[in-house]
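Thanks for coming, everyone. Let me put the structure up, and then we will go through it piece by piece.

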Amino acid sequence: MSRPILEVIALTPQDAQAAESGGADRLELVTDMAADGLTPSVEDFAKIRAAVDIPLRVMLRIRDGFAPGDLDELRARAAALRAEGADEFVLGFLDADGAVDLAATEAVAEAVAGCRWTFHRAIDHSADRAAVRAAVGALPGLDTFLTSGAVGGVDAGREVLLAELAAAGKPGYGQRILIGGGLRAEHLPSLRAAGFDAFHVGGAVRVDGWQSPVDAGRVAEWRALIDG
């Protein structure tokens with residue numbers, strides 16, 4: 001059995017190297033955390049790719065919020081990143097009513113055809129998360145939902161997470177649940193005991209929030225708690 005996944009948000013090569021040395025299995029690459037994480041430049045992706053050996057999932061998001069913005073620009077950025085070697089991505093879009101924007105999600109997923117990707121925490125902000133899962137669950141390449149179960153984070157979403165884990169294998173529930181958003185170290189023992197095996201952290205592995213780099217020691221602490 002493979003070990004549980006620890007995914008760390010990285011903004012720079014320094015972040016990436018610290019996360020890898022601390023025991024991260026995978027990185028989510030973003031820029032501009034003031035906008036909750038947008039698509040990094042091709043140049044930044046290339047620098048991070050050269051700095052580490054672990055898998056990278058690159059955010060495809062060009063504006064704050066969950067509306068897609070200019071789809072042509074998004075698809076062009078995806079193409080440029082793929083040309084530079086990116087082969088895993090993070091995406092997902094909602095419309096003004098909180099329903100999944102399926103046309104936009106399909107269009108961007110098509111731009112990364114053949115790649116694995118995560119539907120990010122847009123699901124936690126949706127009007128009907130079951131409808132989101134039903135709509136996108138069969139899209140090619142989708143293997144993960146990043147979620148805390150609720151807008152308010154893991155404390156508020158725990159029962160939803162447990163219900164979705166119990167539904168594993170049903171249509172829309174075949175993807176791995178990657179828990180992130182309000183996740184704290186004290187959540188890990190009960191989440192691991194319940195059967196969750198993938199965790200996503202950002203600020204929790206930094207000494208002074210997003211103004212400071214990833215700390216390898218903090219990543220190692222999370223690694224040890226997850227492996228338990």
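Is Arg-77 buried, exposed or partly exposed? Arg-77 is partly exposed, and its relative accessible area is 32%. Keep in mind that this is a predicted model.

Stay with Arg-77 for a moment. Its salt-bridge partner is Glu-73, and the closest N and O atoms lie 2.6 Å apart. Both residues sit in helix α3, which covers residues 71–83. They are four residues apart there, so about one helical turn separates them. Glu-73 is partly exposed as well, with a relative accessible area of 32%.

In general, side chains of opposite charge can pair when their charged atoms come close. How many salt bridges does the structure hold? The count is 18.

Here are two others. Arg-184 meets Glu-186 in a salt bridge, at 2.7 Å from N to O. Arg-184 is partly exposed, at 36% relative accessible area. Glu-186 counts as exposed, because its relative accessibility is 54% and the cut-off for exposed is over 50%. Arg-129 and Asp-124 are both buried.

Next, helix α4. It runs over residues 102–111. Which of its residues are buried? They are Ala-104, Thr-105, Val-108, Ala-109 and Ala-111. Look down the axis of α4: these buried residues fall within an arc of 155°, so they line one face of the helix. Turn to the face pointing away from that buried side. There you find Ala-103 and Glu-110, which are exposed.

What covers the buried residues of α4? The cover includes α3, strand β4 at 88–91, strand β5 at 116–119, and helix α5 at 129–136.

Now to helix packing. Two packed helices are described by the angle between their axes and the distance between the axes. Take α3 and α4 on those terms. Their axes are 9 Å apart, and the packing angle is about 25°. Angles under 35 degrees count as roughly parallel, so α3 and α4 fall in that class. Their crossing is right-handed. On the α3 side, the contact is made by Leu-71, Leu-74, Arg-75, Ala-78 and Arg-82. On the α4 side, Ala-104, Ala-107, Val-108, Glu-110 and Ala-111 make the contact.

A second pair is α1 and α2. Helix α1 spans residues 13–22, and helix α2 spans residues 42–51. Their axes come within 9 Å and cross at roughly 30°. These two helices are therefore roughly parallel to each other. The crossing of α1 and α2 is right-handed. From α1, the contact uses Pro-13, Ala-16, Gln-17 and Glu-20. From α2, it uses Lys-47, Ile-48 and Ala-51.

Last stop: Asp-32. Where is Asp-32 found? Asp-32 is in the loop between β2, at 26–29, and α2. Asp-32 counts as partly exposed, at 35% relative accessibility. Leaving out residues up to four places away in sequence, Asp-32 touches Gly-37 and Leu-38. Now compare Asp-32 with Val-205. They are 173 residues apart in sequence, and 17 Å apart in space from C-alpha to C-alpha.

That is the tour. Questions, please.

Notes:
Residues are numbered from 1 along each chain as its sequence is written. This is a predicted model: local features need pLDDT of at least 70, side-chain atom pairs count only at pLDDT 80 or more; totals for chains, interfaces and linings use all residues. Side-chain values use heavy atoms; hydrogens and water are left out. A salt bridge is a side-chain nitrogen of Lys or Arg within 4 Å of a carboxyl oxygen of Asp or Glu. Buried means under 20% relative accessible area, exposed over 50%, partly exposed in between (1.4 Å probe, protein chains only). The arc is that of the directions from the helix axis to the C-beta atoms. Contact means heavy atoms within 4.5 Å. Axes are lines fitted to C-alpha atoms, for helices over the stretch in contact, and angles run from 0 to 180 degrees between N-to-C directions. Angles under 35 degrees count as roughly parallel, over 145 as roughly antiparallel, 65 to 115 as roughly perpendicular and the rest as oblique. A crossing is left-handed if the near helix is turned anticlockwise from the far one by less than a right angle, and right-handed if clockwise.
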